[in-house]
Amino acid sequence: MIHADLHIHTVYSSDSLLQPKTLVDQLVAHSYIKVAAITDHDSVRGCKATVELASDYPDIVIIPGVEITTPKGDMLVLGTDKLPPKPWTPENIADYTTSIAGVSIVAHPFRLYGMGEFARNVKADAIEVLNGGSSPSANTHAKELAKSMGLPGTAGSDAHQLSELFSVNCSIDAGLNVEEILAAIRKGSVVAQLTSGTIRF
Ligand SMILES: [Zn+2]
């Protein structure tokens with residue numbers, strides 16, 4: 001069983017202050033969250049830089065990913081350090097993600113830049129049911145959407161700075177291995193939860 005924060009922005013997103021090195025240090029120091037997905041806005045530079053830095057530490061895993069801005073709302077793609085081919089429609093993002101055996105996630109469906117009920121038309125692998133930047137009611141609404149669609153629900157802090165990191169996490173029934181983690185999420189072996197007692201160093 002591993003614990004992961006599946007939605008994090010680094011300085012390679014224009015609106016984030018979080019340095020890749022800071023994230024790696026926090027993962028190394030955390031008592032049980034040892035996996036993080038880097039999902040910068042429309043860029044894979046941050047995940048490449050962070051994967052490189054993390055390679056010195058065998059007990060942490062960085063999942064490469066990206067948060068794509070589509071005309072309908074944001075989508076997370078986990079398991080790639082390449083940008084999907086354009087046009088960036090939700091359908092194309094979902095199809096691309098399937099073709100690379102990644103995980104596509106409808107990000108914060110009921111917040112600004114979320115796709116709301118349109119998500120029902122998209123063949124995504126999961127719904128983000130716990131987003132660190134969303135209100136409790138928006139997260140509850142997302143949870144109901146995932147349930148009614150029969151999709152797994154994921155959690156991500158959506159951190160843009162250190163103080164927001166690891167506010168939520170997922171328990172995933174997998175080892176410290178990217179392919180295993182992605183397969184477990186697709187299978188629904190994932191539980192989204194608030195992180196209690198996070199100590200930052
Ligand atoms: Zn985000």
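Colleague: What share of the 201 residues in the protein chain is buried?
Modeller: Buried residues make up 53% of the 201. Keep in mind that this is a predicted model.

Colleague: OK. How many helices and strands does the protein chain have?
Modeller: Five helices and nine strands.

Colleague: In what order do the elements run from the N terminus?
Modeller: The order is β-α-β-α-β-β-α-β-β-α-β-β-α-β.

Colleague: And what is the radius of gyration of the protein chain?
Modeller: It is 15 Å. The globule rule gives 17 Å for 201 residues, and the two values are close, so the chain is as compact as a globular protein of that length.

Colleague: What does the C-alpha trace span along its principal axes?
Modeller: About 40 × 35 × 30 Å.

Colleague: How much of the contact set comes from residues 24 or more positions apart?
Modeller: Those pairs account for 66% of the contacts with a separation of 6 or more.

Colleague: Charges next. How many positive and negative side chains are there?
Modeller: There are 15 positive and 22 negative ones. The centres of the two sets lie 3 Å apart.

Colleague: Let's zoom in on α3. Which of its residues are buried?
Modeller: Helix α3 covers residues 90-99, and P90, I93, A94, Y96 and T97 are buried there.

Colleague: Where do those buried residues fall, seen down the axis of α3?
Modeller: They fall within an arc of 165 degrees, so they line one face of the helix.

Colleague: What do the buried residues of α3 pack against?
Modeller: Three strands: β3 (61-70), β4 (73-78) and β5 (103-106).

Colleague: Which exposed residues does the face turned away carry?
Modeller: T98 and S99.

Colleague: What about A101, which follows α3: is its phi positive or negative?
Modeller: Positive, near 55 degrees.

Colleague: New topic, T39. Which strand is it found in?
Modeller: T39 is in β2, residues 33-41.

Colleague: Does T39 count as buried or exposed, and why?
Modeller: Buried, because its relative accessibility is 0%. The cut-off for buried is under 20%.

Colleague: So which residues does T39 touch, leaving out those up to four places away in sequence?
Modeller: T39 touches L6, H7, I8 and H9, then G65, V66 and E67, plus L76 and L78.

Methods. Residues are numbered from 1 along each chain as its sequence is written. This is a predicted model: local features need pLDDT of at least 70, side-chain atom pairs count only at pLDDT 80 or more; totals for chains, interfaces and linings use all residues. Side-chain values use heavy atoms; hydrogens and water are left out. Helices (H or I, at least four residues) and strands (E, at least two) are DSSP runs, numbered from the N terminus. The radius of gyration is taken over C-alpha atoms; the globule rule is 2.2 Å times the number of residues to the power 0.38. Buried means under 20% relative accessible area, exposed over 50%, partly exposed in between (1.4 Å probe, protein chains only). Contact means heavy atoms within 4.5 Å. Lys and Arg count as positive and Asp and Glu as negative; His and the chain ends are not counted. The place of a charge is taken as NZ of Lys, CZ of Arg, CG of Asp or CD of Glu. The arc is that of the directions from the helix axis to the C-beta atoms.
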